[in-house]
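Subject: Structure handover

Hello,

Please find the structure for you below. My notes on what was found in it follow.

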Amino acid sequence: MAAVKHIEFIVAAYAAAVVVVAFLIAWVMVDYRGLRRTLADLDRRGITRRTEPARPEPAGEQA
Amino acid sequence: MALADLANPSRFLSLADRTIPWLGGLTVLAFAYGIDQAMLAPDDYQQGATVKIMFLHVPSAWLGMLGWGLMSVAALGTLVWRHPLADVAAKAAAPIGAAFTLLCLVTGSLWGRPEWGTYWVWDARLTSELVLFLLYLAVIAVWRTVEDPSRAARAAAILTLVGAIDLPIIKFSVEWWNTLHQGASVFRLGGSTIYSTILIPLLIMAVAFTLLFFTLHLAAMRNEILRRRVRTLRLMQASTAS
């Protein structure tokens, strides 16, 4: 099988694409989990968007 | 569901939660088919196998411009219509657009070395694309440095609309100036100059990249809404404590 000319440039380009796409996916996923954790922590401490004191049962989020 | 209904962040979050897994699955399928077709595509008669870099480079370039176009519409939404989710959409799109513009520059550089004999040349297309990347960094810097989200949104919106001037410059740079970069070959009057065995895999990859962009954008918008919720709660906590 003949060697592909300039294969190193093709491999480097696809590797760059994998790195960029993996970074973007990891960024949104890690960010989402961190925010959900923070919101759950605030909710546990009774800090909710409701004006009345926090109730023991989990409150639904409101806009 | 009307656009106005999505102004309610809770309704938007619910829609995003339901849509993201489907969009993600569709993106994976599109990439699987696109990469398969790209690898099966024949070599170009002049460029040989390096034409396979085009399947990454061209969609990245389109998405870099699409990202800024989307941010420009969102900027109008912030400044004119004051839609509550407009600045959320703009802020979420900036890092994604920047990443695709960077990928376009990197893959273009790796394609240029074997074809042109150089990684970089200051021709109009390459320079205007680099300007787009720097504009993305500037908008991200505005969002990061201005603490109040509504003030940051207005500043970023103005910068975005000013920066939108770069989009037609990128598009027509190969016609207005004598550039090393080739002219338009996919969307042009008189039809594409690319043969179907290479054009079809390119279009499939473009669809896959576009689906990825919108999946990431929806997820990033969801994150931004949650981040603002956290900020509001922390402000409430601070005002209660003081």
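I begin with helix 4 of chain B: this helix has 22 residues and reaches 31 Å from its first C-alpha to its last, close to the 32 Å expected at 1.5 Å a residue. The expected span of a helix is 1.5 Å times one less than its number of residues. Helices here are DSSP runs of H or I with at least four residues, strands are runs of E with at least two, and both are numbered from the N terminus.

Two notes on conventions. This is a predicted model, in which local features need pLDDT of at least 70 and side-chain atom pairs count only at pLDDT 80 or more, while totals for chains, interfaces and linings use all residues. Residues are numbered from 1 along each chain as its sequence is written, and chains are lettered from A and ligands numbered from 1 in the order in which they are written.

Confidence

The pLDDT is the predictor's confidence in each residue, from 0 to 100. Chain B averages 92, and 97% of its residues score at least 70. Within chain B, helix 4 (residues 124–145) has the highest confidence, at 97, and helix 7 the lowest, at a mean of 93. Chain A averages a pLDDT of 82, with 75% of the residues at 70 or above. In residues 57–63 of chain A the pLDDT is below 50, and this stretch has nine contacts in the model beyond near neighbours in sequence. Two residues are in contact if their C-beta atoms, placed from the backbone, lie within 7 Å. For the complex, the predictor gives an ipTM of 0.90 and a pTM of 0.90.

A residue is buried if 20 or more other C-beta atoms lie within 10 Å of its own, exposed if 12 or fewer, and partly exposed in between, with C-beta atoms placed from the backbone. The buried residues of helix 4 of chain B include B:R125, B:E129, B:L132 and B:Y136. Among the elements that cover the buried residues of this helix are helix 2, helix 3, helix 5 and helix 6 (166–176) of chain B.

Helix 1 of chain B (residues 9–40) has 32 residues, which should span 46 Å at 1.5 Å a residue; its end C-alpha atoms are 44 Å apart, which agrees. A kink of about 30° lies at B:T19 in this helix, shortly before the proline B:P21. The bend at a residue is the angle between axes fitted to the seven residues ending there and the seven starting there. Buried in helix 1 of chain B are B:P9, B:F12, B:T27, B:G34 and B:A38. Their cover includes helix 2 and helix 7 (196–241) of chain B.

Where the chains meet

Chain A has one helix and zero strands, and 13% of its 63 residues count as buried. The contact between the chains takes 25 residues from chain A and 33 residues from chain B. The side of chain A that touches chain B has 18 nonpolar, three polar and four charged residues. In this count, Ala, Val, Leu, Ile, Met, Phe, Trp, Tyr, Cys and Pro are nonpolar, Asp, Glu, Lys and Arg are charged, and the others, Gly among them, are polar.

A:V28 lies in helix 1 of chain A. This residue is buried because 22 other C-beta atoms lie within 10 Å. Not counting residues up to four places away in sequence, A:V28 touches B:L216, B:A219, B:A220 and B:N223.

B:I53 is in the loop between helix 1 and helix 2 of chain B. With 25 other C-beta atoms within 10 Å, B:I53 is buried. Leaving aside neighbours within four places in sequence, B:I53 is in contact with A:F9, A:I10, A:A13, B:T107, B:L110 and B:W111. B:I53 and B:T107 are 54 residues apart in sequence but 6.8 Å apart in space, C-alpha to C-alpha.

Two positive phi angles

A:H6 has a positive phi of about 65° although it is not a glycine. A:H6 lies in the segment before helix 1 (7–44) of chain A. B:R82 has a positive phi of about 55° and is not a glycine either. B:R82 is found in the loop between helix 2 (54–81) and helix 3 (86–116) of chain B. B:R82 is exposed, with 12 other C-beta atoms within 10 Å.

Regards
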